[in-house]
Amino acid sequence: MESLKQRWDEWVISLKSKKGGASGGNIKSAQIVYVFGPPGTGKNHLLHRSTWQSFTGDYMTVIHDYHHVDGDIPLKHMTLVPEYKEIAEKQFIEGDWEPYFSELARLTLEAAKDNDKVVLSHATDKNDPRDHVIKKLIEGGASEDNITIIQLTIDARVKARGLYHRTARMAEQSGMTMTGEMTEERYIDMCLEAEDENADFFEVHPKAIMVDISGRDVTHFDNVDKALGLTRSTELPYESICAKVKPIDEARDKIVMESGFMEAFAEILARAEAQAQKSSLAIEEEGEDEKKVEEMKKRRSTLLK
């Protein structure tokens with residue numbers, strides 16, 4: 001991982017050597033929005049349910065001219081970029097999240113060099129990595145006053161239903177299908193059970209603007225726009241906006257699926273599961289307190305969401 005740290009340090013130095021100091025051209029004046037929420041809240045994916053879909057990052061691109069940085073880029077491209085596989089292994093197997101989130105900040109700053117409005121979307125669940133991203137953004141030249149934090153919230157059952165359709169779609173793109181006893185309702189019940197077990201896992205950020213997107217309709221856009229003080233120039237119907245976003249989302253997923261991401265990620269999750277089991281057993285054998293054991297089990301179950 002030294003190569004990534006060196007890459008970051010050299011990149012920041014290169015910015016500071018340019019005219020205008022650490023701003024790197026547009027970076028200091030760029031408006032940066034950091035959107036996070038639990039998986040299934042539509043940060044950057046279209047989540048199919050009959051004829052309705054939901055999204056945030058891509059919506060801000062097609063309607064408000066933001067440059068969208070998909071926070072899953074290092075994960076989804078780990079078969080294409082060797083360093084990305086390293087940071088994915090660090091995060092999921094060793095629990096070292098700093099390299100991953102430093103890269104998210106770098107990608108966002110790169111986008112801000114050429115775009116005056118940038119949105120980063122990711123299912124960041126803890127405040128420490130969220131604050132790390134913000135710290136790195138400021139370190140790289142972004143203005144703290146120009147960084148807005150949006151936390152998406154959603155009804156648990158609505159989220160579970162969206163996750164089912166996203167999972168089914170991605171499986172289909174990989175040449176697989178969701179068959180057998182895994183019906184939509186069974187999948188939803190499993191998600192709700194996991195939600196109860198990990199009720200406190202997704203932390204609330206003290207500086208975030210909370211945005212509810214449970215409606216899975218035009219109210220999603222309205223609530224995002226209200227939080228950011230944005231107005232749509234034209235009142236396009238919900239279906240028309242979705243039609244603009246759908247090709248972007250499907251093209252992105254197609255590239256990822258053809259890269260062998262699903263197989264590579266499944267292998268990392270299997271290793272993470274084995275490591276988590278080994279660690280929790282070690283904790284139990286050493287007679288550590290129950291809280292530490294439960295935290296380990298909770299992390300293991302969350303990896304598989």
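Contact here means heavy atoms within 4.5 Å. The model examined is predicted.

On that basis, D125 was considered together with its surroundings. D125 sits in the loop between β3 (117-122) and α6 (127-139). Neighbours within four places in sequence were set aside. Beyond them, D125 is in contact with R130, F201, F202 and E203. D125 is buried, yet it has no salt bridge. The nearest side chain of opposite charge belongs to K126, 5.7 Å away. A salt bridge requires a side-chain nitrogen of Lys or Arg within 4 Å of a carboxyl oxygen of Asp or Glu.

Strand β3 also holds K117. With a relative accessibility of 24%, K117 counts as partly exposed. K117 and I32 are separated by 85 residues in sequence, but their C-alpha atoms are 6.0 Å apart in space. Again leaving aside neighbours within four places in sequence, K117 is in contact with Q31, H64, D65, Y66 and H67.

One of these partners, H64, also takes part in a helix pairing. Helix α2 (residues 57-64) packs with helix α9 (residues 218-228) at an angle of about 75°. Their axes lie 11 Å apart. The two helices, α2 and α9, are therefore roughly perpendicular to each other. From α2, the residues Y59, M60 and H64 take part. They meet F221, V224, D225 and L228 of α9. By class, the contact of α2 with α9 has five nonpolar residues, one polar and one charged.

How values were computed:
Residues are numbered from 1 along each chain as its sequence is written. This is a predicted model: local features need pLDDT of at least 70, side-chain atom pairs count only at pLDDT 80 or more; totals for chains, interfaces and linings use all residues. Side-chain values use heavy atoms; hydrogens and water are left out. Axes are lines fitted to C-alpha atoms, for helices over the stretch in contact, and angles run from 0 to 180 degrees between N-to-C directions. Helices (H or I, at least four residues) and strands (E, at least two) are DSSP runs, numbered from the N terminus. Angles under 35 degrees count as roughly parallel, over 145 as roughly antiparallel, 65 to 115 as roughly perpendicular and the rest as oblique. Ala, Val, Leu, Ile, Met, Phe, Trp, Tyr, Cys and Pro count as nonpolar, Asp, Glu, Lys and Arg as charged, and the others, Gly among them, as polar. Buried means under 20% relative accessible area, exposed over 50%, partly exposed in between (1.4 Å probe, protein chains only). Lys and Arg count as positive and Asp and Glu as negative; His and the chain ends are not counted.
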